[in-house]
Amino acid sequence: MKPLIRSISLSLMLASLCAHAAQTKPPASPHPVPAIQDTETPAQRDARMGWWRQARFGMFIHWGLYAVPAGNWHGKPIDGIGEWIMYNAKIPVAEYKKLAPQFDPVKFDAHAWVALAKAAGMKYIIITAKHHDGFAMFDSKANPFNIVDATPFKRDPLKELAAEAQKQGIKFGFYYSQDQDWTAPGGAAMVVDALHNGHWDKAQDGDFAEYLHTKAIPQLKELLSNYQPAAPSVIWFDTPTPEMTPQLASEIVTLLNQHPNLIWNNRLGGGYQGDTETPEQNVPAQGYPDRDWETCMTINDTWGYKSNDTNFKSSQELIRTLVDVASKGGNLLLNVGPDAHGVIPAAEAERLQTIGKWLDVNGESIYGTGPTPFPGEHGTFSRTEKTVGENKPKWIPAWDWRATARPGKIYIHLLTWPGKSFHLANATANIRKAYLLADPRHTPLKYTQKGHVLDVQLPARALDANDTVIVLETT
Ligand code: GLC
């Protein structure tokens with residue numbers, strides 16, 4: 001074929017290919033690489049998020065080298081959350097790395113940890129694969145600063161946990177600090193305030209893109225590929241920094257797109273919103289009506305283990321937080337911080353067991369439910385206090401009652417016992433039966449409904465001081 005004719009034929013072919021592509025390309029994405037959230041249909045999204053929305057309750061695990069100092073450095077307690085000790089004490093990289101040979105968590109027991117999550121009624125586990133300190137809690141060929149190569153422990157606890165989670169039938173995912181990495185040259189260090197404003201050791205200097213290409217992205221590939229079919233159902237990113245440009249973030253999204261069932265959060269950076277909002281240490285007043293969302297919360301005040309943090313929330317407060325979150329359509333990701341021996345603190349384990357006992361009886365009013373059908377807020381905004389980590393007035397919840405719902409049923413969670421009856425002025429649904437969920441016989445309760453005004457007669461005392469649930473069956 002003569003060159004001229006060939007080039008005309010080729011350009012005609014290219015033109016027709018472009019025209020065809022123009023008709024089938026996905027809707028315009030605001031990103032350099034469209035993420036699954038940009039391209040999937042609402043039905044595809046509902047299918048992908050299905051198990052997560054049913055789950056309502058998960059276990060967060062912050063476990064790493066920071067459990068060795070446990071909040072103390074050179075004999076002095078260091079303020080702040082335990083997993084930030086390297087940053088808060090400005091520990092030089094070489095000094096921090098000396099912790100690795102001391103880390104030998106021989107009491108670690110994957111079976112026991114997963115069994116505890118199940119006993120608590122948790123339906124998924126998210127564990128720190130690599131936190132901001134850059135230490136990988138898994139067997140990584142991408143970087144030697146990891147639990148197999150750098151410690152006497154030499155085992156991969158994430159592999160053992162993933163296998164146990166699959167065996168015991170709960171979902172499993174990884175937290176990964178994709179931006180901050182305080183021991184890898186080029187890894188970011190967040191500017192928090194005048195005192196905590198980025199790198200503190202020359203060993204941290206380097207190129208961020210280089211760090212992403214040689215450590216973060218290769219390790220994400222390992223986490224996404226090496227634990228199949230046991231994990232991960234979720235990747236939980238954290239603390240995006242300005243270094244994560246849309247272009248760099250899109251390189252991670254290209255990898256995530258290869259795992260179309262994966263759920264990931266709103267903390268990747270680069271303008272990607274991900275699947276879930278992630279309020280931290282607080283329950284937003286009205287939740288996020290048009291987004292999936294998950295409050296993550298500690299049982300004491302630290303994510304990573306600190307020997308001197310014994311400020312544990314009561315089981316009642318934790319149960320009511322779960323109810324509050326579910327009543328607004330969200331999930332609760334409740335954290336445990338195991339110590340350097342591989343043991344979850346007893347005070348945390350005890351609380352999880354108590355929550356699990358409440359869910360054994362009342363789980364129907366949480367798992368797979370939707371938000372309250374009754375508008376109106378239970379609480380007020382503080383005039384003086386701000387929300388932890390956000391410059392917004394703090395929401396002060398009232399612990400009177402909450403509601404969750406599913407087709408045909410409304411669950412009224414009585415947190416403060418109202419006395420002889422429960423009164424509701426805007427009960428628009430037609431109630432055909434009322435009973436207490438904790439009453440094994442579901443004995444019908446007497447009630448009157450005049451228009452939208454409902455009064456349900458109650459026994460003198462609550463069946464469960466944490467939360468007694470009335471079931472209203474509707475037609
Ligand atoms: C904050 C902290 C981080 C912790 C995370 C949990 O981002 O920086 O240490 O892992 O909260 O949500």
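Predicted model: local features only at pLDDT ≥ 70, side-chain atom pairs only at ≥ 80, totals over all residues.
Strand 6 supplies the largest share of the lining of the largest cavity, namely three residues. Rolling a probe the size of a water molecule over the atoms shows where empty space is left. A search of the whole structure finds one cavity of 30 Å³ or more, and the volume of the largest cavity is about 60 Å³.

Which residues line the largest cavity? They are Trp52, Tyr124, Ile126, Val234, Ile235, Trp236, Ile263, Trp264, Asn265, Thr276 and Glu294. Strand 6 covers residues 234-237, and at least two residues of the lining also come from each of strand 4 (124-130) and strand 7 (263-264). Sorted by class, eight of the lining residues are nonpolar, two are polar and one is charged.

The next stop is the ligand. Of the 15 residues around the ligand, those that come nearest are His62, Glu83, Trp84, His131 and Glu280. The shell around the ligand is made up of seven nonpolar, four polar and four charged residues.

Some side chains can be followed atom by atom. An N or O atom in the side chain of His62 is 2.6 Å from an oxygen atom of the ligand. For His132, a polar side-chain atom lies 3.4 Å from an oxygen atom of the ligand. In the side chain of Arg267, an N or O atom is 3.4 Å from an oxygen atom of the ligand. How much of the ligand's exposed area does the protein bury? On its own the ligand exposes 300 Å², and the protein buries 95% of that.

Helix 3 (42-55), strand 9 (292-298) and helix 11 (315-327) each provide at least two residues of the lining of the second largest pocket. Of the elements, helix 3 gives the most, with five residues. By class, the lining of the second largest pocket has seven nonpolar, eleven polar and eleven charged residues. The lining of the largest cavity, by comparison, can be recalled as eight nonpolar, two polar and one charged residues.

Now step back to the whole chain. The secondary structure of the protein chain comprises twelve helices and 19 strands. Why can the chain be called as compact as a globular protein of its length? The radius of gyration of the protein chain is 25 Å, which is close to the 23 Å that the globule rule gives for 475 residues, so the chain is as compact as a globular protein of that length. Taken along the principal axes, the box filled by its C-alpha atoms is roughly 85 × 75 × 45 Å.

Two details of the backbone remain. Most residues other than glycine have a negative phi, and most peptide bonds are trans. The peptide bond from Gln228 to Pro229, however, is cis, with omega near -5°. Pro229 sits in the loop between helix 9 (208-225) and strand 6, and strand 6 is the element that gives three residues to the lining of the largest cavity. The other detail is Arg56, a residue other than glycine with a positive phi, near 65°. Arg56 belongs to the loop between helix 3 and strand 1 (57-61), and helix 3 is the element that gives the most to the lining of the second largest pocket.

Notes
Residues numbered from 1 in each chain as written. Heavy atoms only, no water. 1 Å grid on protein atoms, 1.4 Å probe; cavity = no way out; pocket = protein on both sides within 12 Å on 5 of 7 lines; lining within 4 Å. Points joined across faces, edges and corners; volume = space filled by probe spheres on them. Helix = DSSP H or I, 4+ residues; strand = E, 2+ residues; numbered from the N terminus. Nonpolar A, V, L, I, M, F, W, Y, C, P; charged D, E, K, R; others polar. Near = heavy atom within 4 Å. Polar contact = N/O pair within 3.5 Å; in protein donor to acceptor, adjacent residues only side chain to side chain. Areas by Shrake-Rupley, 256 points an atom, 1.4 Å probe, with all protein chains shown as cover. Rg over C-alpha atoms; globule rule 2.2 N^0.38 Å.
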